[in-house]
Amino acid sequence: MVAAVEPLTAPVEPDEALRRIAFLLERERAGTYRVEAFRKAVVTVRETPEEELRSRHEAGTLQDLAGIGKSTAAVVSEALDGELPAYLETLQGKAKPLAKGGVELLASIKGDCHSHSNWSDGGSPIDEMVLTAVELGHEWLVLTDHSPQLRVANGLTAERLTKQLGIVEAINASLGGQFRLLKGIEVDILDDGALDQTDTMLGKLDLVTASVHSKLKMNRAPMTKRMVTAVSNPRVNVLGHCTGRLVEGSRGTRPQSDFDARAVFEACAQHGTAVEINSRPERRDPPDDLIRLAMDLGCLFAIDSDAHAPGQLEMKAYGCERAEALGIDPDRIVTTWDADRLLDWAGARA
């Protein structure tokens, strides 16, 4: 069950107060600079002995620590005094449900097939993404950092992906089966429909989300062939943000790619590839008419956050609102399945 995180109350540890502020800022899509200030302060506070924090608080020298500024120092000071930091109290007071509809469907969501860490273009370490997923009530999360071709997003080579898989195994070992971090990737769909990672590496993953990130203005026929080839590949489990559109946000807007959606979704239905309902507000991809077409053709769906920060994991609320309004059967949404069912389905595709 994905749910809102319970508000913190006093007393609260300084690092937890800073974490929660960063989460709430990410949730409301605040600027990256503001969020990073609090995420960096968390690291500093955790690396500084409590005795030193208290002595600096009393001496008024917290801002002499690297990564601590005026706002973060105030949060640390108030927490050390046993108070609920005023900024945190304000943000918690402002926090409202992200979407009005889709509440029942959101409650049935158990995981997320599309998330990023600071191994590619995400803003937080893997363990922070996991901790927040646990706090939100997830049962599982697929880590899907980018593949090598997307250099602007620090995509993972086979060597880096191998190292990441070792970290995923270590995290799972530490969780004692209470939560499952699944091995994944958001692999680029290349111009000819091939996948931007070796077949050997893809075979080591639990789930693969495949997306088009380049040449989004490709002509209709080759784009259709490109996408059909990819979703027909037995290594691919989810087709990510299929139109590539942007409808708002700091990157501006971008029209959807031109392709034969019927042909692509028929291939998805035939091969058991789920169509992602990307919940990011700037994407809302696919548009409603294409979701209806995919429904009519018998496709499975994955309601994903495409989270690049912990506070964005809750954005699945937006996708649930749309899916519920469109009448999608929850059992056709793979993110409502438990991990065992998901892995059985994904493994059957390989």
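How many helices and strands are there in the protein chain? And where is the place of His146, and which residues does His146 touch?

Analyst: This is a predicted model, in which local features need pLDDT of at least 70, side-chain atom pairs count only at pLDDT 80 or more, and totals for chains, interfaces and linings use all residues. Residues are numbered from 1 along each chain as its sequence is written, and side-chain values use heavy atoms, with hydrogens and water left out.

The protein chain has 14 helices and six strands; helices (H or I, at least four residues) and strands (E, at least two) are DSSP runs, numbered from the N terminus. The radius of gyration is 21 Å, close to the 20 Å that the globule rule gives for 350 residues, so the protein chain is as compact as a globular protein of that length. That radius is taken over C-alpha atoms, and the rule is 2.2 Å times the number of residues to the power 0.38. The C-alpha trace spans about 70 × 45 × 40 Å along its principal axes. Of the 350 residues, 54% count as buried, where buried means under 20% relative accessible area, exposed over 50%, and partly exposed in between (1.4 Å probe, protein chains only). Among contacts (heavy atoms within 4.5 Å) with a separation of 6 or more, 76% come from residues 24 or more positions apart.

Now the histidine. His146 sits in the loop between β1 (140–143) and α8 (158–175). His146 counts as buried because its relative accessibility is 3%. Leaving aside residues up to four places away in sequence, His146 touches His116, Ser120, Asp121, Ala153, Gly155, Leu156, Ile185, Glu186, His213 and His308. With one of these, Glu186, there is a polar contact between side chains, at 3.4 Å. A polar contact is a pair of N or O atoms within 3.5 Å; within protein, one must be able to donate a hydrogen and the other to accept it, and residues adjacent in sequence count only if both atoms are side-chain atoms.

In α7 (residues 126–135), Ile126, Glu128, Met129, Val130, Thr132 and Ala133 are buried. An α-helix has 3.6 residues a turn, so residues three or four places apart point the same way. What covers the buried residues of α7 includes α1 (14–27), α2 (32–47), β1, α8 and β2 (180–188). After α7 comes Gly137, with a positive phi near 90 degrees.

Some backbone details elsewhere complete the picture. Most residues other than glycine have a negative phi, and most peptide bonds are trans. Arg29, in the loop between α1 and α2, has a positive phi near 65 degrees. Arg29 counts as partly exposed because its relative accessibility is 38%. The peptide bond from Ala10 to Pro11 is cis, with omega near 0 degrees, and Pro11 lies in the segment before α1.

Asp285 and Pro286 are joined by a cis peptide bond with omega about 5 degrees. Phi of Arg284 is positive, near 45 degrees, and Arg284 counts as partly exposed at 34% relative accessibility.
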